[in-house]
Amino acid sequence: MENKKISLGDRYAEITVILITVIALIVGWVYKSGVENSSVPFNVEGIRAQAPKGWLQSEPAGDEILRTTDRTSSGFNTTYVLRKIPLAANTSAAQVASLLTLGHGQDLLAFRVLDQREVTVYGKAAYEISYVYVESNPNLTHKNIPSIVRGADYIYVNDNNAVVVSFWADEKSYDLNLARFHIFLQSISY
Amino acid sequence: MTELKAVYERKHVWRNEFLLIISLIVFVGVVYVLDGALKPVFTTSTLILTGILLALVPSAIWLVFFYLQDRLEPEPKGYILGVFALGALLAAAIGVPLIENVFRVSHWIYTNTLATILGGILVVGFTQEFLKYAAVRYSIYHSDEFDEATDGVIYATAAGLGYATVLNIQFVISNGGVDLGAGVIRMAVVALAQASFSGITGYFLGRAKFESEQIWWMPLGITLAAIFNGLFNWLRGLVAQTNISLSGASVSPWPGLALASIVAFGTTAAVLWLVRRNLNSVQAGK
């Protein structure tokens, strides 16, 4: 293929096409972020948060006050859970963490704690537990391969209650979903 | 004598175009019937092979169909195949990873109608149409073979069909070979749609090379193609009819596919009309 000299008009047209494509993609990215981060206000039992818009909110059970799931996420559906647990006087966040860890160990398959420590989350003292487990359908005829799920619990102690915020996501998409979870975490007030 | 020859050639081309469309309908029909009768189960390798075969046949038929449109001076087949391969490579190396992994469109594009239309135009449309434009603009555009405005449409549709082939292979593999009967119709329509949208870009590209167009001319072409691309994707998923029976619920893709087909065939008709108008003006000039 023999190439001829490119005219100035051609060059300008080429640059304009690249520019308009880049602009379209930047606007698309901003719009995508807006859609992904859009939220709906949530206020139950004195706990306020901005729950992700468009996620499926399940009927809370037990001490749960919010359970919201992203049905579009691949593998294990990304889930946020908010719990309010009544505490005896002088119970520390570390003690709540031990109880939660014991509970997870009993309820979850192949549960392993990856890390646990005291942290400050957006100015609030909290206790963080990072863990991993396997989510498997108990139905033996189910043909899906079990998912490896990574989870994190943030425990806040407030008067005689513990507010526990849990984040579960498929191991493959955990890091990608973390930024969205931090927006949710930041929005929580009690 | 020359006029008689032109009439003969035109009839010859129309007959070939007619035969190509019939062969596509026969292919789609055979796959539809075989899938219904045999209910095939695939291993990984047979699935990939089936995907490649089912994606290539409609693309090849449309490729010949658009190739026949250039009646004055047919382009070298090697160049056409080269641009087709380049379109496929750009789709596999940049288009699909950018749309699926970076923009993760499947996670947010179906949240609401506005997201489907805007995401379809700004992200999917512009990415696909720019890459198909690039496959022509940075390969054949400055060669001596690109010597008439119609060549823009011919080469751009080849790039579009290369792109569509990769999308269709990806569709078969990600679906695990399920419901190939409906799938093959979708693949034929997607191939035509991708070809016709890039045909719009190709028309603008051809005019840009041979006529002194304004600076906004080429961006307008890409934008129009991206808008049609976005609308096609929106319509394809728009009317998903839900059927509920005792055996469970199922979603019918047919109404959406029918609407999307109208867009694909309408765009193709417009592109073919532009090509014929170009050819007529060239012949009148001669």
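This is a predicted model: local features need pLDDT of at least 70, side-chain atom pairs count only at pLDDT 80 or more; totals for chains, interfaces and linings use all residues.
How many residues does the contact take from chain B and from chain A? The legends below begin with that contact.

View 1. The contact takes 26 residues from chain B and 24 residues from chain A (residues are in contact if their C-beta atoms, placed from the backbone, lie within 7 Å). On the side of chain B that touches chain A, the elements giving two or more residues are α4 (113–137) and α7 (217–238) of chain B. Of these, α4(B) gives the most, with 9 residues. Helices (H or I, at least four residues) and strands (E, at least two) are DSSP runs, numbered from the N terminus. Residue numbers run from 1 along each chain as its sequence is written, and chains are lettered from A in the order in which they are written. Local features need pLDDT of at least 70, side-chain atom pairs count only at pLDDT 80 or more, and totals for chains, interfaces and linings use all residues.

**View 2. Packing of α3(B) on α4(B).** Helix α3 (residues 77–102) of chain B packs against α4(B) at an angle of about 150°, with the axes 9 Å apart. Axes are lines fitted to C-alpha atoms, for helices over the stretch in contact, and angles run from 0 to 180 degrees between N-to-C directions. The two helices are therefore roughly antiparallel (over 145 degrees). Residues in this contact include B:Leu90 and B:Ile94 of α3(B) and B:Thr127 and B:Leu131 of α4(B).

**View 3. Confidence in chain A.** Mean pLDDT (the predictor's confidence in each residue, from 0 to 100) is 88 for chain A, where 94% of residues reach 70 or more. Within chain A, strand β3 (residues 56–57) has the lowest confidence, at a mean of 86, and strand β9 (residues 161–170) the highest, at 94.

Definitions and conventions. Two residues are in contact if their C-beta atoms, placed from the backbone, lie within 7 Å. Angles under 35 degrees count as roughly parallel, over 145 as roughly antiparallel, 65 to 115 as roughly perpendicular and the rest as oblique.
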